[in-house]
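User: I'd like to go through the labels on this model and see what each one rests on. Can you take me through them?

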Amino acid sequence: MDIVFKEVKILDRKSPFHNSIQNILVKDGLIDKIGKSNFRASRIVNCKGLKMSVGWFDMRANFNDPGLEFKEDIESGCKAAASGGFTGVATLPNTEPVIQTKSHVEYIKSRSSVFLPDIYPLAALTTDTKGEDLTEMIDLHYAGAVAFTDGEQPIWNADILLKSLIYLQKFNGLLINKPEDRMLTQFGDMNEGPTSTILGMKGMPALAEELMIKRDLDILEYTGGKIHFSNISSKGAVSIIRNAKKKNKNVTCDVSIHHLIYDETQLHAYDTNFKSNPPLRTDLDKKALIKGVSDGTIDVIVSSHSPQDEENKKLEFDRAAFGLTGLQTFWPQLNSLAKEIGLEKLIEKITDAPREILNLTKNTIQEKEVANLTLFSEKEEWLFNDKTNKSKSTNSPLYNTIQKGKVMAVVNGTKSQIDPSL
């Protein structure tokens, strides 16, 4: 189907049409024409007051498929991602079984091919993500794995980390680690500090994150290679990575949208939907993370989408599972940061930056390029509830609340989804 997006403001620094209002004709999966002319098409979308960027990319989400489909599956995850504005998602390997063989990677790619977003599997670095034995990374790479990580499990074994960084250099592979010393966070439920003491909860110190980052950076300096720190959460982590990036261009990191919006004070009501790992930390940590995004220390913002079933969330706080959903509410939360950080910078963190880190093709809004687009409103309000939720899970503190900022359309080649109101 051919579509004209009429009078849309383009946000794409790589495009000659950046910051201008144009008409865009999408035909047969390509951007056929851009200009002021009244192009003809079978579908005309009035975009006055709306903005369009390259399609968004989420570098960290868990779709729980295979094995844990009662929380989420590839179909529901893709629907949530598309509704959230994403045309590409990198998915964690923490499934049952773990994504650690060629057939597992091929399963993810084959199942996701029928849905709008492209799914890029992150394969396990170690067997069953236990940190003991390396997976067949070269085979996984050629099968389609875009990077290697134990996902929600930190790489605790220093020898495994060292050998992996050396091994991955054979094909310029990327190692992703969630920095956490589990011996320091064992039995913890929230950030360690005065708030955890007041609430009577076992704390998870920022030190656990910062020690792991320092260890990894020392090993990286010894071995060479590339490392990406995922879900950083503390002021100290930002400072350590900022200094490391001055010496080593092969160090990158991301932060979840939740850690830019919330802090530990949200936990006073013992709402398990705020329970995450890494935990929400102090207001000072949150401000340091925002500064890290602003000055380029933090490369990518992720949804850290972690769906949980009710049986794992409707419990006493110390017994509840970690994690909250983030795909559909990602844009309203990001939108709330635009005045402080700048919209263009935020968009770059979810378009070009993740694709560059994963060595994927970077899209652009120019004629004859593949149509990979996200259309969004900064002012449109909508209710996030059972009617609008596309995920199987409801573990979000934003459930049944009005959100400001709405994704109006997504296009990925010949696949498209357009809000009925347009």
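This is a predicted model: local features need pLDDT of at least 70, side-chain atom pairs count only at pLDDT 80 or more; totals for chains, interfaces and linings use all residues.

User: Why is helix 8 called roughly parallel to helix 10?

Analyst: Helix 8 (residues 235–245) and helix 10 (residues 283–295) pack at an angle of about 30 degrees, and their axes are 8 Å apart. Angles under 35 degrees count as roughly parallel, so helix 8 gets that label against helix 10.

User: Which residues make that contact between helix 8 and helix 10?

Analyst: From helix 8 you have Lys235, Val238 and Arg242; they meet Asp285, Ala288, Leu289, Lys291, Gly292 and Asp295 of helix 10. By class, that contact has five charged, three nonpolar and one polar residue.

User: What makes the buried residues of helix 8 line one face?

Analyst: The buried ones are Ala237, Val238, Ile240, Ile241 and Ala244, where buried means under 20% relative accessible area. Looking down the axis of helix 8, they fall within an arc of 165 degrees, so they line one face. They pack against helix 7 (206–223), strand 13 (227–229), strand 14 (251–256) and helix 10.

User: Which residues touch the most other members of the largest nonpolar core?

Analyst: Phe148, Phe229, Ile232 and Ile301 do, out of 67 residues in that core. Leaving aside neighbours within four places in sequence, Phe229 is in contact with residues including Ile213, Leu217, Ile241 and Val251. There's also a second, separate core of 22 residues, with Ile24, Ile34, Val45 and Val54 among them.

Conventions. Residues are numbered from 1 along each chain as its sequence is written. Side-chain values use heavy atoms; hydrogens and water are left out. Axes are lines fitted to C-alpha atoms, for helices over the stretch in contact, and angles run from 0 to 180 degrees between N-to-C directions. Helices (H or I, at least four residues) and strands (E, at least two) are DSSP runs, numbered from the N terminus. Angles under 35 degrees count as roughly parallel, over 145 as roughly antiparallel, 65 to 115 as roughly perpendicular and the rest as oblique. Contact means heavy atoms within 4.5 Å. Ala, Val, Leu, Ile, Met, Phe, Trp, Tyr, Cys and Pro count as nonpolar, Asp, Glu, Lys and Arg as charged, and the others, Gly among them, as polar. Buried means under 20% relative accessible area, exposed over 50%, partly exposed in between (1.4 Å probe, protein chains only). The arc is that of the directions from the helix axis to the C-beta atoms. A nonpolar core is a set of buried Ala, Val, Leu, Ile, Met, Phe, Trp, Tyr and Cys residues joined through side-chain atoms within 4.5 Å.
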